[in-house]
Amino acid sequence: MNLRSLVAAAALAASLPLVTLAQGTLPVIQLQLGMHLVKAEVAATDPHRTRGLMFRESMPANQGMVFLFDAKTRQCMWMRNTLIPLSVAFIDDDGSIVNIEDMQPHTDNAHCSSRPVRYALEMNKGWFAQRALGPGSKVQGLPTPR
């Protein structure tokens, strides 16, 4: 590779958003909710959305998983094979939180968005409430729909 190619590759890499890989498989992005920063794994395919946070025994305080759905529809989440209690925020295209639901481990109860959305963000149970984040709060840095 010549110097021009190396410079071009470095410039391209510097212009890309901060993305890392979680557990070697899912990309991780940084989201901002008010003054709070979150490292969120991105579940953007059916297999990744289906697995979600199943089988995990814990999750660090400011980490979560953002689900990117193919279409803006009413979305529902459940906790089958999920070991930790979670809260899920359903998020509109403009980054506004529509509603938040608390979910208990090992349940198949449906927790749904109150209107069509493209995103859901799962965090440890109570994370949003502890930070006074609720409907209308904004999430910045969401992944772009395909």
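Q: What should I know before reading residue numbers and values?
A: It's a predicted model, where local features need pLDDT of at least 70, side-chain atom pairs count only at pLDDT 80 or more, and totals for chains, interfaces and linings use all residues. Residues are numbered from 1 along each chain as its sequence is written, and side-chain values use heavy atoms, leaving out hydrogens and water.

Q: OK, how many salt bridges are found in the whole structure?
A: Eight, counting a side-chain nitrogen of Lys or Arg within 4 Å of a carboxyl oxygen of Asp or Glu.

Q: Which residue does Asp46 meet in a salt bridge?
A: Arg49, at 2.6 Å, N to O. Both sit in helix α2, three residues apart; helices here are DSSP runs of H or I, at least four residues, and strands are runs of E, at least two.

Q: Is Arg49 buried or exposed?
A: Buried, at 13% relative accessibility, while Asp46 is exposed at 51%. Buried means under 20% relative accessible area, exposed over 50%, partly exposed in between, with a 1.4 Å probe and protein chains only.

Q: And what does Asp92 pair with?
A: Lys72, at 2.8 Å, N to O. That pair links distant parts of the chain, 20 residues apart, with Asp92 in the loop between β6 and β7 and Lys72 in strand β4.

Q: Switching topic: which element gives the largest share of the second largest pocket's lining?
A: α2, with four residues. The lining has 17 residues, and Arg49 is among those nearest the pocket's centre.

Methods: 1 Å grid on protein atoms, 1.4 Å probe; cavity = no way out; pocket = protein on both sides within 12 Å on 5 of 7 lines; lining within 4 Å.
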